[in-house]
Structure formats: C-alpha cells, structure tokens
Amino acid sequence: MRKVTTILSTALLALLLTSCCACRKGSPKIGNLEETSWQVSEALSAPVAPGALSLRFDKYTKQLLGEAPEGAFFANYAIQEGEHNVVIRELGGQAIRNPFVSSLRRVVRLKMEGQRLLMLDGEGNLVALLEPLARP
C-alpha cells in the first residue's frame with residue numbers, strides 16, 4: 001500500500017509541476033517562428049506592397065535576415081519567456097534607413113494570431129504584421 005501511495009504522490013507532483021510551466025501562464029506561443037519565412041503585410045500601421053519586405057528568423061545563428069527595397073538587412077535576436085519575449089539588437093545592412101527596418105529596434109514581443117505573426121512594442125502597439133511567405 002505504501003508503494004502505491006508513493007507512486008501516486010510522485011505522479012501527482014509531476015502533474016502539478018508541468019501544469020505550472022510558463023507556457024500555461026500566458027506566455028505567448030510563437031509557433032513555427034524559425035521554420036517560416038515571413039512577408040510583412042503591414043508596418044507602422046500602413047499597408048506594405050506584397051513582397052516588398054520579407055524576413056526570416058534563423059534558429060541556428062539567431063539572426064533575423066531580411067530583404068527590403070533598399071537591400072538586405074540583418075539583426076541578432078534572442079527569444080525569452082515572459083511578457084517581453086524577444087530582444088532584437090545589432091541591426092545593420094543596406095536597408096537600415098527603411099522605416100520598417102529601423103522600427104525593429106522597438107519590437108519586444110512576438111505573438112501569433114492564427115497564421116499571422118504580430119510584432120509589438122513595449123506598450124503593446126503593433127509595429128508590424130507578418131504573414132507566412134508562400135513557398136514556390
């Protein structure tokens with residue numbers, strides 16, 4: 001009887017610990033962020049021409065790599081848990097003066113809404129809306 005009680009207690013403890021993880025406390029799920037190439041459909045509350053801006057998050061190098069009309073851009077990024085779940089830093093490239101590209105410095109939160117990716121600033125304002133880039 002004691003062995004059964006110990007096994008049940010251990011199982012209950014494991015269940016309680018896994019049900020309290022940060023992902024169940026409202027941390028945003030960002031789905032296939034690093035497996036998807038993204039096109040920007042809206043930036044700084046203005047529509048963007050299809051295919052004008054695109055980016056991807058490289059999970060191996062932890063670099064954000066993108067294309068804008070002015071050329072390529074890049075930045076380092078780190079995903080973390082909590083309300084502000086992304087840090088984008090060391091922004092550079094030919095397109096650094098593009099308004100969208102320079103606005104990436106303000107992004108502190110990524111949030112999935114269906115298939116779309118929202119990039120938000122520290123006050124929860126939309127910086128950019130991205131959609132999966134259709135594969136050829």
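## Close-up views of a predicted model

**View 1. A salt bridge joins Arg 56 and Asp 58.** The side chains of Arg 56 and Asp 58 come together in a salt bridge, with 3.3 Å from N to O. Keep in mind as you look around that this is a predicted model. How exposed is each partner? Arg 56 has 35% relative accessibility, so it counts as partly exposed, while Asp 58 is buried, with a relative accessible area of 14%.

View 2. By the rule used here, the count comes to four salt bridges. One of them is formed by Glu 35 and Lys 59, whose closest N and O atoms are 3.3 Å apart. This pair links distant parts of the chain, 24 residues apart: Glu 35 sits in the loop between α1 (2–19) and β1, and Lys 59 in the loop between β3 and β4. Glu 35 is partly exposed at 40% relative accessibility, and Lys 59 is partly exposed with a relative accessible area of 33%. Now find Arg 116 and Glu 113, whose side chains meet in a salt bridge at 2.4 Å, N to O. Arg 116 is partly exposed, with a relative accessible area of 31%, and Glu 113 counts as partly exposed at 36%.

**View 3. Two aromatic pairs bring rings together.** The count of aromatic pairs comes to two. In one, the ring centres of Phe 57 and Tyr 77 are 5.0 Å apart and the planes stand at 85°, so the pair is edge-to-face. Phe 57 belongs to strand β3 and Tyr 77 to strand β5, so this pair ties together parts that are 20 residues apart in sequence. Are these two residues buried or exposed? Both Phe 57 and Tyr 77 are buried. In the other pair, the rings of Phe 73 and Phe 100 have centres 6.3 Å apart and planes at 75°, so they too are edge-to-face. Here a strand meets a helix: Phe 73 lies in β5 and Phe 100 in α2, so parts 27 residues apart in sequence are tied together. Phe 73 is buried, with a relative accessible area of 1%, and Phe 100 counts as buried at 3%.

View 4. In soluble globular proteins, nonpolar side chains tend to be buried together. The largest nonpolar core here has 27 residues, and those touching the most other members are Phe 57, Leu 64, Phe 73, Ile 88, Phe 100, Leu 104 and Met 119. Among the elements giving two or more residues to this core are β3 (54–58), β5 (71–79), β6 (86–93) and α2 (99–103). Which residues does Ile 88 touch, leaving out those up to four places away in sequence? They are Leu 64, Ala 75, Asn 76, Tyr 77, Leu 104, Val 107 and Met 119.

**View 5. Strands β5 and β6 make a hairpin.** These two strands pair in the antiparallel sense over six bridges, and Ile 79 has Val 86 of β6 as its bridge partner. Six residues lie between the strands of the hairpin, and Gly 82 in the turn has a positive phi of about 110°. Asn 85 is in the loop between β5 and β6 and is buried, with a relative accessible area of 2%. From C-alpha to C-alpha, Asn 85 and Leu 110 are 6.6 Å apart in space, although 25 residues apart in sequence.

View 6. Ser 45 is not a glycine, yet its phi is near 65°. Ser 45 lies in the loop between β1 and β2 (46–47) and counts as exposed at 60% relative accessibility. Glu 90, also not a glycine, has a positive phi of about 55°. Glu 90 is found in strand β6 and counts as exposed at 55% relative accessibility.

Conventions: Residues numbered from 1 in each chain as written. Predicted model: local features only at pLDDT ≥ 70, side-chain atom pairs only at ≥ 80, totals over all residues. Heavy atoms only, no water. Core = buried A, V, L, I, M, F, W, Y, C linked by side-chain atoms within 4.5 Å. Buried < 20%, exposed > 50% of the residue type's maximum accessible area, 1.4 Å probe, protein only. Helix = DSSP H or I, 4+ residues; strand = E, 2+ residues; numbered from the N terminus. Contact = heavy atoms within 4.5 Å. Pairing = 2+ DSSP bridges. Phe/Tyr/Trp six-rings, centres within 6.5 Å; stacked < 30°, edge-to-face > 60°.
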